[in-house]
Amino acid sequence: MGEAKRRKSRLGDQYGKEPRIVPWLPITKSQSEQFVKWTVQGSWIGIGFLIVTWLTVRFIGPAIGWWEVN
């Protein structure tokens, strides 16, 4: 009997399914990795918007004459 057949007979219905992070939480490891990927990307986008906003408030707005910064 090969290793794959032994593993299949040992795991039963769970054979071929992704493992969960925590047994009581229905989130798989690949879903958690995807969540981390999206949140990191969203964080960098937010940092970019923050920098653009700061540059607008500090330099672009006063240069165009929209407001004064003391």
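This is a predicted model: local features need pLDDT of at least 70, side-chain atom pairs count only at pLDDT 80 or more; totals for chains, interfaces and linings use all residues.
Figure 1. How exposed is Phe-59? With a relative accessible area of 45%, Phe-59 is partly exposed.

**Figure 2. The pair formed by Trp-66 and Trp-67.** Here the ring centres lie 5.7 Å apart, and the planes are at 45 degrees, so the pair is tilted. Take a look at how much of each residue is accessible. Trp-66 has 53% relative accessibility and counts as exposed, while Trp-67, at 34%, counts as partly exposed. The cut-off explains the two labels, because exposed means over 50% relative accessible area.

**Figure 3. Arg-58 and the ring of Phe-59.** Which residue lies over the face of Phe-59? It is Arg-58, at 5.4 Å from the ring centre.

Figure 4. Follow α2 from residue 29 to residue 64. This helix has 36 residues, and its first and last C-alpha atoms are 50 Å apart. That span is close to the 52 Å expected at 1.5 Å a residue. Where is the kink in α2 centred? Look for Thr-56, where the kink is about 45 degrees. Just after the helix comes Gly-65, which has a positive phi of about 95 degrees.

Figure 5. Thr-28 sits in the loop between α1, which covers residues 3–11, and α2. Is Thr-28 buried or exposed? Its relative accessibility is 16%, so Thr-28 counts as buried, because buried means under 20%. Setting aside neighbours within four places in sequence, the contacts of Thr-28 are Glu-18, Pro-19, Arg-20 and Ile-21.

**Figure 6. Stepping back to the whole chain.** Now place the close-ups in context. The chain has two helices and zero strands. Along its principal axes, the C-alpha trace spans about 80 × 25 × 15 Å. The radius of gyration is 26 Å, whereas a compact globule of 70 residues would have one near 11 Å. Of the 70 residues in the chain, 3% are buried.

Key: Residues are numbered from 1 along each chain as its sequence is written. Side-chain values use heavy atoms; hydrogens and water are left out. Helices (H or I, at least four residues) and strands (E, at least two) are DSSP runs, numbered from the N terminus. Buried means under 20% relative accessible area, exposed over 50%, partly exposed in between (1.4 Å probe, protein chains only). Contact means heavy atoms within 4.5 Å. The expected span of a helix is 1.5 Å times one less than its number of residues. The bend at a residue is the angle between axes fitted to the seven residues ending there and the seven starting there. Rings of Phe, Tyr and Trp (its six-membered ring) pair if their centres lie within 6.5 Å; planes under 30 degrees apart count as stacked, over 60 as edge-to-face and the rest as tilted. A charge sits over a ring if NZ of Lys or CZ of Arg is within 6 Å of the ring centre and within 35 degrees of the ring normal. The radius of gyration is taken over C-alpha atoms; the globule rule is 2.2 Å times the number of residues to the power 0.38.
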